[in-house]
Amino acid sequence: MKKTIYKASSSNIKKAVDILNRSGIVGFPTETVYGLGGSAESESSIKKIYEIKNRPLHNPLIIHVAKLEQAKKIGIFNNIAKKLAEAFWPGPLTLLVEKKKNNRIVSAATSNLESMAIRIPSNPIALEILNIFGKPIAAPSANLSGTVSSTNAMHVLNDFGDKIDLIIDNGDCEYGIESTIIDVRSNKVKILREGSITKENIFDCLNQNIEDYNDSKIISPGQLDKHYAPKAIIRMNIEEPEKDEFYISFGYDLSSAQTINLSKDSDLNEAAKKLYSTLRKIDDMGIKKVAVAPIPNIGIGRAINDRLARASK
Ligand code: TXA
Ligand code: MG
């Protein structure tokens, strides 16, 4: 197989930008998960992203930018959006805003919707690519549609092989779970996808109540049940696994079962960081049945439980 993974040096970052300028696709690190990036202003890049990922065309992409001024050129930022952007960007938060008329973003990138999901990632390599490229980058998570996101460069290579020319390797992602998505188009702020920026963080910033997607109509395909799914059958909140089950533990280890511990110290951030590589490892091991220990439903634990619930459907 040809060489695809390159370390995050300035010459390789320049190579990545050259590829983006030629409407090619690159795998790149963000602080959440690896992204599969293409120019958001190029029809052929967007087409390639959907093809390579095998992603349904009705599932819109997140548009990544380097600066708030750039985001304001393509999306309408009301006071709530501005406040959240100023508080949490760069960082693992995606804002769903109204699309600005006459922007240069390819309409298919947002599935021809009137809205647009935008974020500024905090990973320095992602920011450097965005800054040098100078234009918005459309980037879904770098995994085949419906499967578990990639949290290191090998995951990206395993999913796409040499279908993409270059993957920038920046080791394991800092958070390991996709960004929090918030719909800020009206005063009724809604969380569409849980992530490491929690409901409490948003509440503290805005001083107003946040609605859960659970009680609202599905507007983001990422809310669909069959997302983030490994091949194995998963049961959640299990304290004692069955004999034929592999165990994903948290904190306390059961010595009798075959186990991967997400965090021996019961640290939710560590567990989030290890979650997807653990699910991928289990599939690679050919394991069919998995039981997962109870994960406290607080802070980033809510995002972990959200992804596990989808994985167990
Ligand atoms: O952390 C992340 O957000 C990563 C990194 C690479 O930035 N990206 C990511 O993208 O998770 P993706 O494509 O795997 O998930 C984006 C989610 C999807 O569920 C999509 O439906 C939703 O965002 N989304 C994007 N644009 C939307 C829109 N205009 N309206 C509703 N949902 C939208
Ligand atoms: Mg994804």
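**Exercise 1. Salt bridges**

Find how many salt bridges a search of the whole structure gives, then work out which parts of the chain the pair Asp 159 and Arg 280 ties together.

*Solution.* Step one is the count: searching the whole structure turns up 12 salt bridges, where a salt bridge is a side-chain nitrogen of Lys or Arg within 4 Å of a carboxyl oxygen of Asp or Glu. Before going on, keep in mind that this is a predicted model, in which local features need pLDDT of at least 70 and side-chain atom pairs count only at pLDDT 80 or more, while totals for chains, interfaces and linings use all residues. Residues are numbered from 1 along each chain as its sequence is written, chains are lettered from A and ligands numbered from 1 in the order in which they are written, and side-chain values use heavy atoms, with hydrogens and water left out.

Step two is the pair itself: Asp 159 and Arg 280 form a salt bridge, with 3.0 Å between the closest N and O atoms. Asp 159 sits in helix α6 (residues 153-160) and Arg 280 in helix α8 (residues 268-284), so this pair ties together parts 121 residues apart in sequence. Helices here are DSSP runs of H or I with at least four residues, strands are runs of E with at least two, and both are numbered from the N terminus.

Step three is burial, which means under 20% relative accessible area, with exposed over 50% and partly exposed in between (1.4 Å probe, protein chains only). Asp 159 counts as buried at 17%, and Arg 280 is buried too, at 11%.

**Exercise 2. A network around Glu 178**

Work out where Glu 178 and Arg 307 lie, and which residues are linked with them in a network.

*Solution.* Start with the bridge: the side chains of Glu 178 and Arg 307 meet at 2.9 Å, N to O. This pair links distant parts of the chain, with Glu 178 in the loop between β9 (166-169) and β10 (180-183) and Arg 307 in helix α9 (residues 301-311), 129 residues apart. Next, check burial: Glu 178 has 3% relative accessibility and counts as buried, as does Arg 307 at 1%. Finally, widen the view: Glu 178, Asp 306, Arg 307 and Arg 310 are linked in a network of salt bridges.

**Exercise 3. Helix α8**

Now the two ends. At the start of α8, a side-chain oxygen of Asp 267 comes to within 2.9 Å of the backbone nitrogen of Asn 269. After α8 comes Gly 286, with a positive phi near 75°.

**Exercise 4. Ligand 1**

How many residues surround ligand 1, and which are the closest?

*Solution.* Count first: 27 residues surround ligand 1, and the closest are Thr 32, Asn 59, His 64, Ser 141 and Ser 179. Being near a molecule or strand means having a heavy atom within 4 Å of it.

Then look at polar contacts, which are pairs of N or O atoms within 3.5 Å; within protein, one must be able to donate a hydrogen and the other to accept it, and residues adjacent in sequence count only if both atoms are side-chain atoms. An oxygen atom of ligand 1 lies 2.8 Å from a polar side-chain atom of Ser 141. For the side chain of Ser 179, the distance from an N or O atom to an oxygen atom of ligand 1 is 2.6 Å. For Arg 193, it is 2.9 Å.
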